[in-house]
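Here are my notes on this one, point by point. Have the model open while you read.

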Amino acid sequence: MNQNKFKQISSFRRISLITVIAVYFLILVGGVVRSTGSGMGCPDWPKCFGSWVPPTHVDQLPNDYQDIYLAKRVKKNESFAAQLASLGFHKKADEIKNDPTILIEEEFNAVKTWIEYVNRLIGAVIGLLVLLTFYRSIFLWSMDKGITLLAFFNLVLVLFQAWIGSIVVSTNLLPWMITIHMVLALVIVCLLLYIHYRSYRLKNEIKFKTERPGLLYGIMLISIVLMLIQVVLGTQVREAVDTVAFQMGNMLRGEWVDMLGLPFLIHRSYSVLLLGLTLWFIYKVYKYSLRNVSLFKWTQAYGLVVLLEIATGVGMAYFAIPPFLQPLHLLFGSLIVGIQFVILLLLKDQKKLNVEKTVS
């Protein structure tokens with residue numbers, strides 16, 4: 001490989017890695033938005049109260065600002081419901097049309113408005129980073145067309161995610177829309193990680209580093225599927241927390257956990273299964289993998305983040321759901337999925353190498 005191609009690969013890997021880190025930072029900020037109840041700090045999208053720079057005081061808004069932005073949201077929701085109905089999702093369309101909570105318009109709060117506004121600014125920066133990732137991938141077209149095509153698809157996916165974000169706002173944080181928004185964020189992260197890893201293989205030969213890669217791959221595949229289910233369960237718990245918080249007027253946080261019901265109990269018990277599977281995987285990696293290789297290091301990181309995720313979950317359960325732990329819990333859960341995906345990619349290559357070795 002000549003020096004110019006080597007530099008192009010290194011440049012692409014650098015920007016794609018920065019983009020992955022930035023997306024995770026946005027997930028953390030999104031957690032802050034939810035934990036502070038700032039999701040509707042801006043009632044419109046992409047602007048905030050009709051301006052690219054939001055107001056700092058309610059006096060800067062017209063007296064009937066709530067009616068104005070409610071009417072805009074209703075109009076957008078009617079269009080979205082019609083789109084859902086045309087795709088055959090009549091039940092969801094009816095839910096949007098008839099859900100009274102969607103019509104609740106919050107009063108202006110400068111702090112919440114600016115928290116949501118900063119969240120959107122960071123999102124815009126990440127959009128530019130994704131665009132730059134695609135641009136840099138064009139230089140790798142002659143070496144691996146798949147990287148460029150996937151980078152373009154990721155750019156389209158980010159634009160779609162931005163549109164979903166606008167629907168989340170217009171539907172007044174409808175829970176199942178938030179779930180879709182979160183799952184799409186994880187898909188974007190995994191796609192970025194994949195093209196980053198794929199570019200690594202352009203200049204690095206795969207070497208035998210692990211015994212029984214098929215077994216390890218199977219355990220990790222099950223783990224990532226179960227983790228995705230846990231993420232969805234977590235969004236349901238978050239929905240229950242929001243409901244209880246509204247009922248309690250954001251007071252008496254110490255009583256919230258007892259009121260969360262079945263979703264919380266399932267989420268908590270399910271984590272024991274995931275912990276057991278994680279410990280089993282770590283044991284198998286220690287048994288079958290070489291030391292000081294990528295798989296071994298990623299597995300160590302995996303175990304650490306799982307422990308942090310459990311620790312923040314326990315902290316919320318036993319210490320009245322401290323607001324600062326909520327975004328951390330979301331971040332660690334998202335990191336687990338990303339790390340699991342990277343480990344899966346490493347093991348897939350080891351499986352391929354093992355098959356080739358056996359055949360030869």
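1. Which residues form a nonpolar patch on the surface? They are Trp 52, Val 53, Trp 114 and Val 118, with about 400 Å² of accessible area together. (Patch members have over 30% relative accessible area and no salt bridge; like charges are joined within 9 Å, nonpolar side chains, meaning Val, Leu, Ile, Met, Phe, Trp and Tyr, within 5 Å. Areas are Shrake-Rupley with a 1.4 Å probe, and for residues only the protein chains shown count as cover.) Val 53 sits in the loop between helix H1 (3-35) and helix H2 (65-86), and counts as exposed at 52% relative accessibility. (Buried is under 20% relative accessible area, exposed over 50%, partly exposed in between, with a 1.4 Å probe and protein chains only.)

2. Before going on, some housekeeping. This is a predicted model, with local features needing pLDDT of at least 70 and side-chain atom pairs pLDDT 80 or more, while totals for chains, interfaces and linings use all residues. Residues are numbered from 1 along each chain as its sequence is written, and side-chain values use heavy atoms, leaving out hydrogens and water.

3. The core next. In the largest nonpolar core, of 76 residues, Ile 96, Met 177, Phe 281, Tyr 302, Ile 343 and Leu 347 touch the most other members. Helix H6 (residues 175-203) gives the largest share, 14 residues. (A core is a set of buried Ala, Val, Leu, Ile, Met, Phe, Trp, Tyr and Cys residues joined through side-chain atoms within 4.5 Å; helices are DSSP runs of H or I, at least four residues, and strands are E runs of at least two, numbered from the N terminus.) A second, separate core has 13 residues, including Val 241 and Ala 317.

4. Now the charges. Five salt bridges turn up in the whole structure (a side-chain nitrogen of Lys or Arg within 4 Å of a carboxyl oxygen of Asp or Glu). One of them pairs Glu 105 with Arg 73 at 2.8 Å, N to O; both residues are buried. Leu 70, in helix H2, touches Glu 105 too, along with Ile 102 and Leu 103, not counting residues up to four places away in sequence (contact means heavy atoms within 4.5 Å).

5. Two bridges involve H6. Arg 198 meets Asp 144 at 2.7 Å, N to O; Arg 198 lies in H6 and Asp 144 in the loop between H4 and H5, so the pair ties together parts 54 residues apart in sequence. Asp 144 counts as buried, at 13% relative accessibility. Arg 201 meets Asp 349 at 2.8 Å, N to O. Arg 201 is partly exposed at 31%, whereas Asp 349 is buried at 4%.
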